[in-house]
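This briefing goes through one structure by topic. The interface between chains comes before the details within each chain.

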Amino acid sequence: MIRIIDLYKYFRKNRILAGVNLDIEPGKITSIVGRSGCGKSVLLKHIVALLRPDRGRILIRNEDISELSLKELYQVRKKMGLVFQNGALFDSMSVYENLTLGLREHTHMTEKEMQKKASGLLEMVGLPGIEKYKPSELSGGMRKRVSLARALSMDPQYVLYDEPTTGLDPIMSAIIDDLIIRLNNELKITSIVVTHDMKSVYKISDRVAMLHYGVVRFVGTPEELKATTDPVVRQFIEGNIEGPIRPVLKDGL
Amino acid sequence: MGLIKRIILRIAELLILDKLGRKTIEFFTGMGESFIMLYFSFINTRYIFKDRKLILEQMVTVGYNSIPLVVVTATFAGMVSAVQAGYQLADFGSPSVFLGSTTSRAIVIELGPVLTALVLAGRFGASIAAEIGTMRVTEQIDALETMAINPVRYLATPRIIAGTVMMPVLVIFADFIAVGGTMFIGYVSLDVAPEAYLSSAQRFMELNDILSGLVKATLFGASTAVIGCYVGFATQGGAEGVGNATIRAFVLSSAAILINDYLVASILLR
């Protein structure tokens with residue numbers, strides 16, 4: 001279980017998160033939605049402690065990660081995988097080196113075992129035989145899938161996705177969605193998906209949380225989301241221009 | 001009219017002072033944070049065996065790949081120092097007596113280390129900043145963090161070790177090339193036989209000269225790599241940020257080379 005309690009984050013004078021409270025249930029896919037710039041990715045980076053909160057706590061299995069030493073934090077991070085929006089693959093390395101870097105650093109696996117693991121991961125994401133390719137030789141969709149394979153290389157208990165379908169064509173988006181569902185079912189991992197792709201949200205989510213003006217405006221199942229009468233949430237999920245949400249956000253809140 | 005002009009001048013003055021002040025603070029902040037980077041990199045030297053492959057890769061990048069540049073720089077630096085010395089020694093009669101001693105000492109103490117370091121500040125210092133800066137803005141450093149890999153240990157420490165070790169090696173290499181260049185011009189243009197050149201050089205050269213050159217080179221290598229890493233890690237923004245980081249790394253490491261040059265000279269060459 002991941003618990004986010006009263007989380008605040010400021011960038012200079014801009015308040016990005018203004019008291020976020022959210023529980024992420026284990027073994028489920030939780031989608032976090034909200035307008036561009038509402039703090040979804042900032043929230044995700046807090047969960048892996050790439051950013052430290054100005055106030056509030058993040059508990060992972062009842063352990064406050066903002067109070068951990070670097071060594072303890074690294075132990076927690078070994079149980080997590082983050083799929084970055086643009087892949088964040090190491091461009092000086094081949095796909096194989098990207099996939100095996102974590103194994104090389106943290107395990108005593110032999111080269112043969114790592115080769116087997118890398119090929120299994122690539123098989124899983126539907127990209128067999130591309131071990132020797134460099135990230136620059138891959139398409140956007142392939143990079144995202146390799147990034148996902150890399151996130152899974154250390155057999156994580158939690159996988160966090162930062163806008164996994166953004167910038168992809170509908171077919172590739174559907175492939176990624178299916179992959180997220182399959183991985184969740186097969187590996188029983190807890191998934192957190194930050195997105196504003198509503199089609200994807202309805203397809204993959206067990207629970208949905210909507211961030212608005214730095215706080216969680218809605219939490220519930222996709223069915224509850226569809227049935228909500230909250231005008232702000234309705235405007236967002238229906239993509240209406242008219243409504244309580246101002247079309248242009250000013251800097252900060 | 002006079003009052004308005006005075007106000008405008010005063011505002012301009014304050015703006016210039018403000019900018020100058022900011023730049024000065026930025027410069028010293030950069031220097032201070034570079035020392036912090038050096039400290040953390042030093043702590044991570046305990047992983048030197050584990051990271052031997054990374055360190056060797058960086059040694060090849062810093063050392064082997066810089067050889068053509070060092071050869072060109074040192075050859076012409078040596079040749080020009082012979083021309084200059086010949087021109088100035090003409091007033092004292094035959095240049096054969098002093099050409100070896102003056103040029104070789106100048107090369108070993110000053111020209112070799114400083115010129116090599118300045119050229120390499122533009123090559124590997126800036127390239128470290130650009131490489132790490134690009135990794136910063138494309139979230140590759142965040143990716144390392146989320147994989148529980150310490151980016152300072154993985155990226156900075158091997159580069160700093162490689163810079164510190166390879167710079168003296170390159171400087172020794174540059175010294176030989178530059179002396180060769182000087183001897184060549186001495187023989188071709190100034191009628192100084194290589195034997196006369198070498199005997200003059202040996203007569204006046206002291207161990208302290210070579211030592212100070214190598215101490216300088218070690219410091220130059222370490223400071224260039226540390227600054228390149230620090231600036232790379234501090235990069236913000238996109239392509240423009242990486243461009244600015246590259247320039248900043250070159251400017252800061254060049255300044256550090258000249259400051260270190262003065263400090264070492266004033267301590268060792270008393």
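The contact draws on 21 residues of chain A and 17 residues of chain B. The model is predicted. Between chain A and chain B about 1700 Å² is buried, and carbon and sulfur atoms give 57% of that area. Salt bridges over all chains number 24 in a search of the whole structure, and five salt bridges are found across the interface of chain A and chain B.

**Interface of chain A and chain B**

- The size of an interface is often given as the accessible area lost when the parts come together.
- The area buried between chain A and chain B is about 1700 Å². On the side of chain A, the residues that lose the most area to chain B are A:Tyr74, A:Phe90 and A:Glu105, which together make up 32% of what that side buries.
- Eight residue pairs, with both residues at pLDDT 80 or more, are in polar contact between chain A and chain B.
- Helix H2 (70-77), strand E6 and helix H3 (95-106) of chain A each supply at least two residues of the side that touches chain B. H3(A) gives the most to that side, with five residues.
- A:Glu105 pairs with B:Arg153 in a salt bridge, and their closest N and O atoms are 2.8 Å apart. A:Glu105 is also among the residues of chain A that lose the most area to chain B.
- A network of salt bridges links A:Lys45 with B:Arg136, B:Glu139 and B:Asp142.

**Salt bridges within chain A**

- Side chains of opposite charge can pair when their charged atoms come close.
- A:Asp23 and A:Arg3 form a salt bridge, with 3.1 Å between the closest N and O atoms. A:Asp23 is in strand E2 (residues 14-24) and A:Arg3 in strand E1 (residues 2-11) of chain A, so this pair ties together parts that are 20 residues apart in sequence.
- A:Asp23 is partly exposed at a relative accessible area of 28%, and A:Arg3 is partly exposed at 36%.
- A:Lys9 and A:Asp54 meet through their side chains in a salt bridge, at 4.0 Å from N to O. A:Lys9 belongs to strand E1 and A:Asp54 to the loop between helix H1 (40-47) and E4 of chain A, so the two tie together parts that are 45 residues apart in sequence.
- A:Arg104 forms a salt bridge with A:Glu111, and the closest N and O atoms are 3.1 Å apart. A:Arg104 is partly exposed at 39% relative accessibility, and A:Glu111 is partly exposed at 35%.

**Six-stranded sheet of chain A**

- Six strands of chain A form an open sheet in the order E6-E7-E8-E3-E9-E10, and the pairing is mixed.
- Strand E6 (80-83) and strand E10 (215-220) of chain A are the edge strands, each pairing on one side only.
- From one strand to the next, the twist averages 15°.
- E6(A) pairs with strand E7 (residues 158-162) of chain A in the parallel sense, over four bridges. In this pair, A:Leu82 stands opposite A:Leu160 in E7(A).

**Positive phi in chain A**

- A:Asn62, a residue other than glycine, has a positive phi near 65°. A:Asn62 sits in the loop between strand E4 (55-60) and strand E5 (63-64) of chain A, and counts as exposed at 69% relative accessibility.
- A:Glu163 also has a positive phi without being glycine, with a value near 45°. A:Glu163 is placed in the loop between E7 and helix H6 (170-187) of chain A.
- A:Glu163 counts as buried because its relative accessibility is 8%, and buried means under 20%.

**B:Thr224 in chain B**

- B:Thr224 is part of helix H8 (residues 207-233) of chain B. B:Thr224 is buried, with a relative accessible area of 0%.
- A polar atom of the B:Thr224 side chain lies 2.7 Å from the backbone oxygen of B:Phe220.
- Leaving aside neighbours within four places in sequence, the contacts of B:Thr224 are B:Leu120, B:Ala121, B:Phe124, B:Gly125, B:Ser253 and B:Ile257.

Terms used: Residues are numbered from 1 along each chain as its sequence is written. Chains are lettered from A and ligands numbered from 1 in the order in which they are written. This is a predicted model: local features need pLDDT of at least 70, side-chain atom pairs count only at pLDDT 80 or more; totals for chains, interfaces and linings use all residues. Side-chain values use heavy atoms; hydrogens and water are left out. Two strands pair if DSSP finds at least two bridges between them. Axes are lines fitted to C-alpha atoms, for helices over the stretch in contact, and angles run from 0 to 180 degrees between N-to-C directions. Buried means under 20% relative accessible area, exposed over 50%, partly exposed in between (1.4 Å probe, protein chains only). Contact means heavy atoms within 4.5 Å. Buried area is the accessible area (1.4 Å probe) that two parts lose on being put together, summed over both. A polar contact is a pair of N or O atoms within 3.5 Å; within protein, one must be able to donate a hydrogen and the other to accept it, and residues adjacent in sequence count only if both atoms are side-chain atoms.
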